[in-house]
Amino acid sequence: MFLRPLRLIPEKTNIDFVRARFFAFFVTLALMVLTVVLLSTKGLNLGTDFTGGVLIEAKSSQAIDLGTIRKDLGSLDLGEVEIQQFGSPEEILIRIQRQDGDEQDQMRAVQSVRDKLGEGYEYKRVEVVGPTVGKELFNAGVLAAVLAIIGMSVYIAFRFEWQFGVATVVSTFHDVFVTVGLFSLFQLDFNLTSVAVLLTLAGYSTNDTIVIFDRIREIMRRHKADNLKEVINIAVNQTLSRTIMTGGTTLIAILPLLFVGGPVLFGFAAALTWGIIIGTYSSIYVAASLLLYMPRLRRIDSK
């Protein structure tokens, strides 16, 4: 006796996704306008990677309790302090936001950290990152995200047709941009890790979109006279189970980090969770429907 595979979504669905495109476009536009307002009013809570600060790499003679270290250094009133394990359990990396004043004030912050940690630590690296370097890192991070989106869209334009590439860059930019809005809304630390999250979401969203686009192309080859709206609905319905299962299983892996990962991982997990939800939504409702408003695809009568 063979066991039937688990299906959270019926094997054959017939949902008219294209019909809901105007509502989806409204939600998309509203989220982007809200993000613009948030960035204009609240801005981003830039971390030490972008604003400058002090970087300390230290090694202890025994395993380090990160919770205790965070509590001890948090009492020094140095502003934002990030602590993470670096390599072995005996090594830590400490980032402290830039202190008001000159280089001497930065070194006084370093000395206060040393005094608080006490004996038994070897300091392998102490660096002071200036605001100019932080600005350069921020610009490089933004450029990396933009180039990644453009590069993937160019590939899709060559792999499929240029209309697919335009739809991809619009939907992927939307996913990344509204995730930046999440950082602004909750004032989550925006640092180099956040840039990595955005790049991950860009790849995830593009992957979901490509699956639907590939099915559209396959249907176009088999049914050359089909209406484009019908083709889109058939393609999205046929890939719906795969899309939902992929997003759902990814969320299963991320949600524990969100709820029990602690403050260090909260921003990372929250951004990924939101990005996966919004990326799945845009792949189903937005990306393919944008094809309706572009020059006609080859071998498709969109009327």
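User: Which exposed residues sit on the face of α4 turned away from its buried side?

Analyst: Happy to start there: that face carries Q104, R108 and D115. "Exposed" means over 50% relative accessible area, "buried" under 20% and "partly exposed" in between, with a 1.4 Å probe and protein chains only. A word on the source: this is a predicted model, in which local features need pLDDT of at least 70 and side-chain atom pairs count only at pLDDT 80 or more, while totals for chains, interfaces and linings use all residues. Residues are numbered from 1 along each chain as its sequence is written, and side-chain values use heavy atoms, leaving out hydrogens and water.

User: Which residues of α4 are buried, and why are they said to be on the same side?

Analyst: Buried in α4 are Q106, A109, V110, V113 and L117. They cover an arc of only 100° around the axis, so they fall on the same side of α4. That arc is taken over the directions from the helix axis to the C-beta atoms.

User: What do the buried residues of α4 pack against?

Analyst: They pack against β2 (53-60), α3 (66-74), β4 (91-97) and β5 (121-129). Contact here means heavy atoms within 4.5 Å.

User: What makes the phi values of D77 and Q187 worth a look?

Analyst: Most residues other than glycine have a negative phi. D77 is not a glycine, yet its phi is positive, near 60°; Q187, also not a glycine, has a positive phi of about 50°. D77 sits in the loop between α3 and β3 (81-85), and Q187 in the loop between α6 (162-185) and β6 (189-190).

User: Why is D77 called exposed, and why is Q187 called partly exposed?

Analyst: D77 has 69% relative accessibility, so it counts as exposed. Q187 has 30%, so it counts as partly exposed.

User: Why is T28 called buried, and what does T28 touch?

Analyst: At 11% relative accessibility, T28 is under the cut-off and therefore counts as buried. T28 belongs to helix α1 (residues 21-41) and touches H174, Y281 and V286, setting aside residues up to four places away in sequence.

User: What makes L258 buried, and which residues is L258 in contact with?

Analyst: L258 lies in helix α8 (residues 228-260), and its relative accessibility is 16%, so L258 is classed as buried. Apart from neighbours within four places in sequence, L258 is in contact with F266, A269, A270 and T273.

Conventions
Helices (H or I, at least four residues) and strands (E, at least two) are DSSP runs, numbered from the N terminus.
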